[in-house]
Amino acid sequence: MAKKTTKKVRSAPRTRSKDAADRDAKTQAALKDLAGGIAKSALSGVEPTFDVPTRSSSNTNWNRKRGILQMGDAASTRQIFNLGQARKFMQSLRHAHGISRLIDQDKTTSLRGMFYTGLGDVHDVGGKKVGEKTFDDQTESDAILEDLEVTLGALREELHIFAKKRGAMVGNITIEDSGDTIDCRKMGSGGYAIPSICEPDRVKFGKCEADFVLHVEKDTVWQRFNEDRFWKTHNCILTEGSGQPPRGVRRLLHRLNKELGLPIICLLDCDPWGHYIYSVIKQGSISLAFESERLAIPDAKFLGIRSNDFERCNLSDSVQISLNDRDTARAKQIAAYPWFKDHKGWQKEIAKLLKNGFKLEVEALINIDISYVTETYVPERLAAEDWLD
Amino acid sequence: MAAKKTTSRTRATAETMAGKQRDISVSEFFAKNRHLLGFDNPRKALLTTVKEAVDNALDACEEAGILPDIEVLIEELTAPPSPSKPGRYAVTITDNGPGIVRKQVENIFGRLLYGSKFHRMKMSRGQQGIGISAAGMYGLMTTGKPMVITTKPGKRKAAHHLELAMDTTKNKPEVTIDVETDDFPETSSGTGTRVRIEMEARYQRGKTSVEAYLEQTAIANPHAQITFIPPEKAAGGPALEVEEVSTELSHTTELADRYIFPRAVEELPPETEEIKPHPYGVELGNFLRMLKGTNEKQLAGFFKNEFSRVPPAVVKDITSKSTVKGGKTLTGQTYVSTVDHDAAERLYRALQDSKLRAPPTDCLAPIGVRQMLSGLLKGVKAEFYAASTRDPAVYRGNPFQIEAAIAFGGDLPGDESARVIRFANRVPLLYQQSACCSFKAVVETGWKNYSLSQPRGALPVGPMVIMVHMASVWVPFTSESKEAIADYDEIRKEMRLALQECGRKLGTYLRRRQKMRREGQRRDVFSRYIAEIARSTSALTGDDEGALLDALLKQAQARTAIADAELDEDGNYVKPEKKPAEDDGVIIVESEPSPAQVEAKGNGEAASASESDAGRGLFGTDGESVPVRRKKTKSRSRARKPTRPRA
């Protein structure tokens, strides 16, 4: 350090809650456990291994009672002396070390940041470069981090890693984000960008008058609702997840639902993709099954677009987007999900979609009138409580 | 009845025809049909001449118990005026054989179908005794120059210089010059023969050249030293002294004025026994002739002494079976002269139906596993050599023995079909490969089983030379020019089995080698990540990084221990404390240590990669000795000493 001529400017210290400190201590202990097990095996002449819970559909179970997807007990063993795993083994430890340093410094970084943290040259036992990078690209790094999450039983937030933020929120609520008070009623046209970490120690809920949350699929629709001040007229919170909502958005919706008791109502496209987004919000996803308890919202509701809206709203033929083979296959797959299989409404809905042979986007309603969706469609449906759940 | 048509021309009568009918001399016949003997074109004529002379020289040396030392000199007297026309060449072959007594010279070199080899059942290179005399005749016909023979039959005797022409109509030699001379080179034995034939020919390199023939001869006759002076070197001034090539491992070397195919083994092939024909190989006509020509008085003696494997019990059996009602009673005591044609035929049939033991096999002298390996080692630049000798077998009553060898890898071209070199009684066969039984056997063998690729119905592809040798008292050639072995099922089967034996060894070797490489790569991968794992783990736990690294490295090495294994000649792993079993005729030329092996040796320190010895040119023309691990191999053939007393 003494050699460095440029002076390092320390960033301003962040206040750290006791919760956060406890959480970090727990994560550090998990990291030490992982490395300790490896060291112990190595020194006693046994092949070092660690178990990574399997993140696959076969190891994901649907908990009917709780209405969420949960991860099973299956785990795969990562071995050091296995040609296909040696590199991943090294990468896991390198990231484990990186995370440990991150926690020590009390900083968070993005997935991309972690990729750069872990990036380096591979050196052989003699300390010679072998012309190989520790990570070839970020996808490799991301997969290792996901593995580490499940291996350590720690959430991404607990590892001090955040995902790229996506999604926005406006509405009758005040929140406190990292000590800053944010009034979501005064967010202009852009809205509050939902951070990827929405844990209670980061995001706290303040005053909230809203009656429900309206979650829309994408930005364009959200813009329409925000411009028409829908949240004001209907006293709600308006969120958007840019397609498949990232876990920050899902965590926030989950907390709004669980902590403030707000119903979550989704306005998504009438296609297998929209149905799948709803399914993930409601039940959780396979890849994040281990976090379902903190993400899934079993009583989320699906407001539309419904497959019979073409007739009900007198839509013109031109807004139809025909289903391709993949859509059809996907729709059938979704219909077979255990949580939809015994649901008459959903079976009818998907059957109708398949019978129609076309998809309908939320934007299709704009074809009738620019504000038809905010002034007529959603209010009517809300009033009639016409939704699927 | 139609009226007889009278012809205006006088037709030949029996009498006039009789006037034209006369003896055809054998030599005259072959003068017209020289392609039957391998003199179809100038190029082949040259090769055939060299071949016949060298074969004779080797046969003579071996019979006399002399390690052959043969020099082949080809001089270009007139270059071919155009590619389609032959030039004029002089071929001189000098051996250190026993020499030839003066009075036999004309007969041996000047008469077709004169020789010692036709009438006996004995394994030798020549068979009919037409070779060298036909070559001389060819030379005489094309250039008018007589054959020049110099021979020295005794150490202290003077050499004879003879010039020999041949009267093709009478099959009789004509000696034009006959003098005693001192002009004969010092040979190791003190005796020897030199033949010089001038002929129209063409000298060309390539697959069917004199050079290829000599190279292959050297492989099959590792006990012979052959010097070859091709035209381009023959012109190059006085002969240099031959440097003594005394390394254990000798390779074919090219010197400024000659090629040397050095001797690789110091012992002669075992002397073979002459055998009597086996009844199964004798046809009825032959049988009748033998019956007529025998000196034996009684049948028992006839069967006992003119055939092999006809014991008295069989004689008793067949004579009683051949006795018919009303006819003469046949027994072993029956006089041969009283056996009529019908009785002879019955005897023959009964003999063919009786169960006889296979012919004796001490008449065969296989090259031997060790000798084949030595031969291949000096002639072919490969990394793996395997050879096998089958036990003797029988076709049509003729005993034969098949040997096969494989040379694989090294400098051999990898993307071409394997090269098949074929031998019959140690003589290379260069022409008509695809008509040859051995070629068919190679194609028939499933090389895919031994990790080689092989297109359907074709030779395997890979860096490989396949050698097939057939030793027999009578090799069934498809023609008199002795170019291909006839396709007998028994022969083909033995060839295939021999090839499979070699193939299995090769397959094992290849698989093991592959495994070693794979393990080496594995270790490479492991050791690459171990350092990083140790570093990160130590940073997290506070354990000593070096200790962790050592522990992991130790495990990595234990897990990939196979990479360090040495393969023995059978492709088995060599356990360091155990000497490999002495068997099985395989030679493996060690290659450089794999990088993984080198790397794994440095425990944490920088690995020293410099230990691979530099300058490992396997076939440096400088004739350096090459680091080759050559283990003693046990030849499968029974060791037989040449015990036959020499005349």
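**Entry 1: strand pairing in chain B.** I began with strand 12 of chain B, residues 398–408, and found that it pairs with strand 15 of chain B in the antiparallel sense, over nine bridges. I keep in mind that this is a predicted model.

**Entry 2: another partner of strand 15.** I then turned to strand 13 of chain B, residues 419–424, which pairs with strand 15 of chain B in the parallel sense, over six bridges. Here I noted that Ile421(B) has Met467(B) of strand 15 as its bridge partner.

**Entry 3: burial of strand 15.** Are the residues that point either way from strand 15 of chain B buried or exposed? I listed Met464(B), Ile466(B), Val468(B), Met470(B) and Ser472(B) as pointing one way, and Val465(B), Met467(B), His469(B) and Ala471(B) as pointing the other way, and all of them are buried. Because nine of the nine residues of this strand, 464–472, are buried, I describe strand 15 of chain B as largely enclosed by the rest of the structure.

**Entry 4: where chain B touches chain A.** Moving on to the interface, I found 30 residues of chain B in contact with 30 residues of chain A. On the chain B side, the elements that give two or more residues are helix 14 (489–541) and helix 15 (545–559) of chain B, and the largest share, 15 residues, comes from helix 14 of chain B. I also recorded the classes on this side of chain B, which are 17 nonpolar, seven polar and six charged residues.

Technical notes: Residues numbered from 1 in each chain as written. Chains lettered and ligands numbered in written order. Predicted model: local features only at pLDDT ≥ 70, side-chain atom pairs only at ≥ 80, totals over all residues. Contact = placed C-beta atoms within 7 Å. Helix = DSSP H or I, 4+ residues; strand = E, 2+ residues; numbered from the N terminus. Nonpolar A, V, L, I, M, F, W, Y, C, P; charged D, E, K, R; others polar. Buried ≥ 20, exposed ≤ 12 C-beta atoms within 10 Å, placed from the backbone. Pairing = 2+ DSSP bridges.
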